[in-house]
Amino acid sequence: PASASLTYDCLAGILNWEKGWSESKKQWCCSWHKVGCPHFMASEAYDCSTGYENWGALWSASQKNWCCAHYVRGCPDQKMHDCTAGIWHWQTLWTFEKKHWCCQNY
């Protein structure tokens, strides 16, 4: 695994890890926390990419909990606050709560 002396905040930027993280951060977070791994790993309990576009209807409660804890995907607040819906007019369309949640989590 990557060196333990070099550490990263693996929650910072997690929602855009594929494009926003350096290769060294991806390797370190995947090795040490199983977060931001480039491909589904056989040792993982669930594949958090397959069906993500409709996770609310497709995933079991157990998968939602696991993916939320490990990849910040399928979390209850994400369903309440779809931060991509209405993005082009967020200033006028979004509620204060949605603005706050999306700013805190993305």
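Q: Where is cysteine 37 placed?
A: Cysteine 37 sits in the loop between helix 2 and helix 3 (55–58); helices here are DSSP runs (H or I, at least four residues), numbered from the N terminus. This is a predicted model, where local features need pLDDT of at least 70 and side-chain atom pairs count only at pLDDT 80 or more, while totals for chains, interfaces and linings use all residues. Residues are numbered from 1 along each chain as its sequence is written, and side-chain values use heavy atoms, with hydrogens and water left out.

Q: Is cysteine 37 buried or exposed?
A: Cysteine 37 is buried, at a relative accessible area of 5%. Buried means under 20% relative accessible area and exposed over 50%, with partly exposed in between (1.4 Å probe, protein chains only).

Q: And which residues does cysteine 37 touch?
A: Leaving out residues up to four places away in sequence, cysteine 37 touches Trp17, Cys30, Glu44 and Tyr71. Contact means heavy atoms within 4.5 Å.

Q: OK, new topic: which residues are buried in helix 2?
A: In helix 2 (residues 23–33), those are Lys25, Lys26, Trp28, Cys29 and Cys30. Helix 1 (17–20) is included in what covers them.

Q: How many salt bridges are there?
A: The count is 1 salt bridge, by the rule of a side-chain nitrogen of Lys or Arg within 4 Å of a carboxyl oxygen of Asp or Glu. Glutamate 23 pairs with lysine 26 in that salt bridge, and their closest N and O atoms are 3.2 Å apart.

Q: Where do glutamate 23 and lysine 26 lie?
A: Both are in helix 2, 3 residues apart, which is about one turn of the helix.

How values were computed:
Helix = DSSP H or I, 4+ residues; strand = E, 2+ residues; numbered from the N terminus.
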